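Please read the following briefing alongside the sequence and the coordinates.

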Amino acid sequence: MFENFLFLSSALLTLAGALGVVFTKNLMHACVLLLATLFGVSGLYAVIGADFLAASQLVVYAGGVIILMLFAVMLTGGTADNDNKFGIEKVAAMGSVKTYIYAGLTVLVMSFTILKILANYMRTFEPGKLAPFESTVEEIGTLLVTDHVLAFEISSILLLGALVGAAAIARPRKG
Amino acid sequence: MVSLSSYLFISFALFISGLAVMIARKNIIAILLGIELILNSAALNFAAYARFVNQNIDGHLMSLFIIVIAAAEAAVGLAIVIRFFQIKETIHIDDATQLQA
Amino acid sequence: MDYTIWNVAPIVLLPFFAFVINAFIVKRFTSLAVLISCGSILGSFFFAAKIFFDFINKFSENYYIHKTFTWFDLSYANMPFKMDMGIYIDNMTATMLFMVTGVAFLIHVFSTYYMKEDKRYGRFFVYLSLFTSAMLALVLSENLISVFIFWELMGFCSYSLIGFYYEKEGAGNASMKAFMTTRVGDVFFLFGIIAIWSVVGSVSFVDIYAAIAAGKFSGLLALGLPLATLAAICVFLGTVGKSAQFPLQVWLPDAMFGPTPCSALIHAATMVAAGVYLSLRCYPLMEVGEITYAISIIGGITAFGAATIALVQTDIKAVLAYSTISQLGYMVLGVGVGSYNAAFMHLITHAVFKACLFLSAGSVIHSLHDHHTHAHVQEMPRMGGLRHKMPYTFLAMLCCTFAIAGIPFFSGFVSKDRILGDALLMATHSKWYWIPTILGFAGAFLTAFYMFRMMFLTFFGEPRDKDLYDHTKKEKISWNRNIPLLILSVFTLGLFYAGSLTGQGFAKVAGERYEWFQTLITKPVVSEFSSRTKQAFSFSSTPSGLNFEKSQYDSSHGLSEKEAHHVHTVHHIGALVSIVIAFSGVFLAAMMYLWRKWNPGFWVNTFSGWYRALQNKYYMDDLYIKVLIQKGLLKLNNVLAFIDMGIYDRYIVDGTAFMNRVFFTVAKTTDDVIVDGSVDLTGKSVKAFNVILRTIQSGKIQVYFIMIILVLTGYIWKLSL
C-alpha cells in the first residue's frame, strides 16, 4: 500500500516535472521543475529497493548539479537574453512555435519507434519472483573495489579531469 | 502496479521529454537540462532491469556511473557555457555556429 | 677492487650539475649557489681521493681503467669511421684528479673570502664550476677528440674569467688576446689529431700507443716530413698555446686581468698544466716523431726568457705570471729530455705552490686598499714591511717561495732538480743538450733571485707607502682566508712527493714507500698496449684484474751497474749545482733588496738597453702586432676581402642571382598559366559541389541532433523490426 502510494506520487512528480521542463517559459522555473523530476526519480529508485542510488541521486543531482545549473543561469543573466549585445531581438531563447513543431515531429518519430520495441518486448516478458529488499550499500561497495575497480578508478580520473577542465575553461581572462 | 512496464513507461516519458527539450529550446542551459533528463531515464532503466529481470545489483552500479558522468558533464558543460557567455555575451545556441571565438 | 661508473662519473658530474643549477639560481640565491659550488667540488674531491689512494696503495703500478662506449659509428663498407668516448684512468690520471680537485676546492674556499664584496660574486662560482668540470673531464678523457672538446671548454672559461671585470680597461682585450693566441695552438692541435687519425684510424691514446708499437708511423711522409714528426709537432703546438710556451707565451701575463683566485686556478695550477699533461700523454708520439730535442729547446728558452722578464716586473701578479711561464718551461724541458716522471712531478708540485703563491698574493692585494682611488693595490713599489701586518700570509708565501726557488727539502727542489739532473744526463750523452741544460740552470738561478726579490720588496724593509701601510688592517685568522693557504703551504714540503732529494738514493730521508711518485709514474711502454682490449662502458662493476703485488722501487732502472753509477753521479752533481745556484740567487736578491748593499739602479743603468727590452717583454707583443698582425694578417685580410667582394660577390653571387631571375621568369609564366589554371579548375568544381553540402553544414547543433535521431530511428527500424 505504502509502496504503491510512494510509486504513484513519485511517478506523478517525475512526469509532471518533465512536462514542466518541456513547456515552461522561464529558465529558472525549468531548473526547479527539473529538481522535482529528480526527486521523483529518486523516489522511484527507493520503490525498487535501490537505496544507495536514491541517496546518490539526491546528493549529486539535487545537491550538486541543480545548484550548478542555477549558478550558471544567474551568471549568464537568467532568461533575459532575448537581446544580443548588438540590441537586435533574436528568436525567443526558450523556444518558438517553429522549434516546438520540429521537436514534436522528431518526438513523434522517436516515440513511435520506441513504443514499437517496448510492445514487442513486453509481450514475451514473464516477471519472476522478486527477491525481498535488503541494503545494497555493502554489496555496491564490495563490487566497486573488486569487479568494477577499473571503471571506478577511471571515473575518479574523469571527475578529476572534469574538475580541472571546468576550472581551466571558466576562469576569467583578461582581454 | 510497481512493475517493469510502468518503469519503462516513465523512463520513456523522461527520454521523450528530454529529446523535446533538446530540440525545442534555444537556450544552452535549457538544453543541458534536457540532457540531464535523458541521462536520468537511462539510469532509471538500468535500475528497473536490475530489479525486475537480472535481480542483482550490477545495474545499480551502472546507474551510479551514469550519475557520476552526468555530474562531470554538467560541470564541464556549464563551464563551457560560462566561457561562451564571457566571449559572446549570449547563451543562444544559434550564436554557437563557429568553432573559433 | 671493482670500479663502476658511479665511482668515476661523479667527479665530473658534480661540478657540472653545480654549474647547471647555479646558472639558473645564481641571481636570486647567490649564497646558496656558492654553497652548491663548494659542496660539489668537495664531493668530487672525495671521489677523486678514493681513486687516488686506491691507485697508490692497493693497485699494482700497471693497473688501469679504460672504459669506452661508441659515440657514433659512421662506418661504411670497408671504411671504418667510428668514434669512441670514454675514460682512461691510470696512475697519472689518478694523481692529476686528486691534485685538481684538491687545489680547486681550496681555491673555491679562498674565493668566498676574496670575491665576497664583488657584485658578480655568484657568477664567478658558476664559471669556476664549469671550468673545474671541464678540466676533470679532460684529465679523464681517453682520446684526443674529447681532450680537444674539454680543452676548448676550458679556453672559453678562461676567456670569460679574464674578462670578468669587463669594466676595467684592457680586460676585454686581454681575454680576446688569450683566446686568440691559444687558438693558434689549438688549430695545430686539431691538425695533429687529423694526422693521427689518418694513420691510426682512432684517436684513443691506447690505440695510438699500440699503433706506434706496431710501427704504423714508420716510413710515412707528408709535406716532405715524416708524418709522425708532423703530428708530434702539431700536438706539441697545442701544448705551446695552452701552456704559454715560447712563441705563444704572450697571452698569459695579460690573463692576470682576471680575479686572483681564477688566476690561481686557471692560469697557474690547472689549465696551463693541461698542455703539459697532453704532452706527457702523447710522449710516445713525441719520441717516435723525434722532436724531443726541439721540445727541450723550447722549454729551455721559455724557462730562461720568462725568468729574465720577471726580473724587472713591479706588479706582484705579473712576477707570478712570468714565473708560471718559466716553470711551465721547466716542465716542457722535462718532457724534452725524457724526464717523464719528473716533468709530471713538477706539474703537481708547481700546481700546489703556485696556487698558494697566487692566493697569498690575492690575500695581500685584497688587504691593501687605496682609499683615494678605491682600488686594490698590486704594485710592489707601494708595499714593503707587510710581514708585520699579515704574518700568516707571509709565512705561507715564504714556504712557497722556498719551494719555487729550489731550496732543499721543499717540493720545488725535488721536482725541478730531477728535471735538471736528467737534462744534465742527456747533455753528457749528446753535446747539443748542453744548450737547454744551461738555460735551465740559469733560469733556476734567476728564479731564486726574482722570487726573493718579490718577497723582500713586499714583506721586508720599510713600508714605502706609509699612508697605505697605516690604513691596512692587521691580519686576523679567518677560515676561508688562511686555512687554504695553510694547507697548500704544508704540501710544499718535499716529503710528500719523494723520500730523497734527488730521487736516486741521495740524501735519503725516508723509506721506499715515499718514492710512490718514482714507482707509479712511468713512461708508457708502447709495446704493452698492443694486447690491451677496451672495456665496455657499463654500469655494473667490471673487475679489471691485474691486481698483483706492487714491485719494489728499482732505483737502478734496470741499467747496468756502471751506467747506474754514471746516472747517480750526474744527478748528485746536478743537485749540488742546483743548491749552490739557488742559494746564490737568494744571496744576490738579499744583497740588493734586503740589505741594500748593492744598488739595483746601477745594474739598470749599466744594461739600460737590456732593461728596456725586458720591460717590453723582448718587444714580442709589438712584434706580433706590427709585423704579424698589421703587416701580415691585415694585408691578408685585404686580399681576402678583395677576393670575396671583387670576385665572389661580383661574378659568382651576382651571376647566380641573374641566372635565377631568368629562370624565375620562365617558371612564373608556367606557374600562372598551367599550374594555377588547373588548381583554379579544381577549386571551382569543388565550390560548385560545395553549394549542396553547405546548406546542411549550418553549424546549428540542433539540426545535427535531429539528423542523428532520424538516422538512428532508421537503423532501429531496419534492424529490429
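In this predicted model, the contact between chain A and chain B takes 75 residues from chain A and 61 residues from chain B. On the chain A side, the residues that touch chain B divide into 53 nonpolar, 17 polar and five charged.

**Contacts between chains**

- The elements of chain A that give two or more residues to the side touching chain B are the helices α1 (2–23), α2 (27–47), α3 (51–75), α4 (97–124), α5 (137–145) and α6 (149–170).
- Among these elements, α3(A) gives the most to the side of chain A that touches chain B, with a contribution of twelve residues.
- Chain A also meets chain C, where seven residues of chain A are in contact with eight residues of chain C.
- The side of chain A that touches chain C consists, by class, of four nonpolar, two polar and one charged residues.

**Chain B**

- When contacts in chain B between residues at least 6 apart in sequence are considered, 45% of them join residues at least 24 apart.

**Chain C**

- The secondary structure of chain C comes to 26 helices and seven strands.
- Chain C has 721 residues, of which 49% count as buried.
- Among the contacts in chain C with a separation of 6 or more, residues 24 or more positions apart account for 80%.

**Packing of α16 and α20 in chain C**

- Helix α16 (residues 391–405) of chain C packs with helix α20 (residues 479–490) of chain C at an angle of about 25 degrees, and their axes are 9 Å apart.
- Because angles under 35 degrees count as roughly parallel, α16(C) and α20(C) are described as roughly parallel to each other.
- The crossing that α16(C) makes with α20(C) is left-handed.
- On the α16(C) side the residues in contact are Y392(C), T393(C), A396(C), C399(C) and C400(C), and in α20(C) they meet N482(C), L485(C), L486(C) and S489(C).
- By class, this contact of α16(C) with α20(C) comprises six nonpolar and three polar residues, with no charged residues.

Methods. Residues are numbered from 1 along each chain as its sequence is written. Chains are lettered from A and ligands numbered from 1 in the order in which they are written. This is a predicted model: local features need pLDDT of at least 70, side-chain atom pairs count only at pLDDT 80 or more; totals for chains, interfaces and linings use all residues. Axes are lines fitted to C-alpha atoms, for helices over the stretch in contact, and angles run from 0 to 180 degrees between N-to-C directions. Helices (H or I, at least four residues) and strands (E, at least two) are DSSP runs, numbered from the N terminus. Angles under 35 degrees count as roughly parallel, over 145 as roughly antiparallel, 65 to 115 as roughly perpendicular and the rest as oblique. A crossing is left-handed if the near helix is turned anticlockwise from the far one by less than a right angle, and right-handed if clockwise. Two residues are in contact if their C-beta atoms, placed from the backbone, lie within 7 Å. Ala, Val, Leu, Ile, Met, Phe, Trp, Tyr, Cys and Pro count as nonpolar, Asp, Glu, Lys and Arg as charged, and the others, Gly among them, as polar. A residue is buried if 20 or more other C-beta atoms lie within 10 Å of its own, exposed if 12 or fewer, and partly exposed in between; C-beta atoms are placed from the backbone.
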